[in-house]
Amino acid sequence: MVKIELSNQEASDVVLAGLGAGQLVLETVFERPRFEELIEARIERTIELTHKAIMQANLTVGDIDEVLLVGGSTAIPLVARRLGEVFGPRRIRRGVNPMQCVALGAAVQSALVAEVECPECRTPAELSAASCGQCSASLLGGARVTCTGCHLPVDTAADACPKCGQQLDGEAAAPVAAPVAQTRDCARCGTPAAAEATACSLCGEALPVAGGGPTASTAAAAAAAVAQDIGLRCGGCTAVNPPGTEVCPSCGQLMQVTNPFDITPKDLGIELNDGRLAVIIPKGTGYPTSTPVSREFVVSGGGQQRLEVAVYEGEQPIAQQNELMGHLTLRLPAGLGGRIPVEVSFGLDQDRTITLSVRIQGGEQRTVKLGRASSTRSSRCRSRSSSGRSRASPTAGRTS
């Protein structure tokens, strides 16, 4: 509460009653400069990560048109002030509620999705489908009740709320009902509107006359329009386009968004014989990958019987400082000597399952799938202590 108050005023009164056995009461005034002094290191770390993100995107500060503040902590004046020093005050966008913008972004991404994935067999299905055509699993959410303690929607079969633990009896829960639109809320997206506004500032929907309230026919028409409009509204001509549309067919305006895709958040690579991490799929790569990403290495055949390819995920230069995802052990062909070429390929599936493929000197390819569950530290140590194993060394560098 003090942090929230200091975002709008220079000082906040702090009263802590009942401290200690003597029931002491602490009363003090906490000022904004002291608060900013306490969080300054974290803010500077945020600025450092901001510069790093821009650099990794091969951009400069001048390439950024607007900076959208996301999350409640961006209401702290020091955050906006430091970002303004980096990008310029005019580029800091404040027109979107920082507590709502994540939900708004999720809504935009949902409007771009043209199909739904079955949670059981992951088979794509149309948005209107009620069940999966492959395994017949239900694609619709079950009945829910609202916990009166924390307002979380909970499955009707549950005995207690999984968040706050409150018992879900007849008094503690109520069926989830459709929200009733307020007089000056947008009938399409629910965004509150100013009294003098004639159209929604978010989606452009016409608003009812202030004080008059929507009639039954108007509300029914709005509900029907919402049911029919599935997609993204063009900011130029206000036409609602089908999911996945990138250019509005009515006016030709760019929709400013593209189809959603997933990217891997960390580097994926293998451990070299000197302990370094050789990155094969860098972070920021979209998945699922259309084709495997390959890189060629060499190993020494003299006296070695087996080759171990250990896969790690992380950003540390030393492989074992990252998360071990799994490994593949192969027997080296007999009679090989000198520098043996080894091709290692990575692929990422829809659920970020790693497909690891290894081919030794043009021979048969060995493939294994590694799930997202990280291996334990003890298994990592055992793989390091095994004798007679070789790890790859970087070659003069053919990559694809």
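Helices (H or I, at least four residues) and strands (E, at least two) are DSSP runs, numbered from the N terminus. The views below show a predicted model, in which local features need pLDDT of at least 70 and side-chain atom pairs count only at pLDDT 80 or more, whereas totals for chains, interfaces and linings use all residues. Residues are numbered from 1 along each chain as its sequence is written, and side-chain values use heavy atoms, with hydrogens and water left out.

**View 1. A nonpolar surface patch that includes Leu 26 of strand S2**. Leu 16, Leu 19, Leu 24 and Leu 26 make a nonpolar surface patch of about 340 Å²; such patches are made of residues with over 30% relative accessible area and no salt bridge, where like charges are joined within 9 Å and nonpolar side chains (Val, Leu, Ile, Met, Phe, Trp, Tyr) within 5 Å. Accessible areas come from the Shrake-Rupley method with a 1.4 Å probe, and for residues only the protein chains shown count as cover. At least two residues of the nonpolar patch come from S1 and at least two from strand S2 (24-31). Leu 26 counts as partly exposed because its relative accessible area is 38%, given that buried means under 20%, exposed over 50% and partly exposed in between (1.4 Å probe, protein chains only).

View 2. Leaving aside neighbours within four places in sequence, Ser 12 is in contact (heavy atoms within 4.5 Å) with Val 2, Glu 5, Leu 6, Thr 28, Val 29 and Phe 30.

**View 3. The salt bridge between Arg 93 and Glu 66**. A salt bridge is a side-chain nitrogen of Lys or Arg within 4 Å of a carboxyl oxygen of Asp or Glu, and a search of the whole structure finds 12 of them. In the pair of Arg 93 and Glu 66, the closest N and O atoms are 3.6 Å apart. This pair links distant parts of the chain, 27 residues apart, with Arg 93 in strand S4 (residues 92-93) and Glu 66 in the loop between helix H2 (32-56) and strand S3 (67-68). Arg 93 is partly exposed, with a relative accessible area of 39%.

**View 4. The salt bridge between Asp 349 and Lys 369**. The side chains of Asp 349 and Lys 369 meet at 3.0 Å, N to O. They too link distant parts of the chain, 20 residues apart: Asp 349 is in the loop between strand S19 (339-348) and strand S20 (354-360), and Lys 369 is in strand S21 (residues 365-370). Asp 349 counts as partly exposed at 25% relative accessibility, whereas Lys 369 counts as exposed at 53%.

**View 5. Cysteine sulfurs without a disulfide**. A search of the whole structure finds zero disulfides, a disulfide being a pair of cysteine sulfur atoms within 2.5 Å. Cys 121 is partly exposed, with a relative accessible area of 30%, whereas Cys 248 is buried, at 1%.
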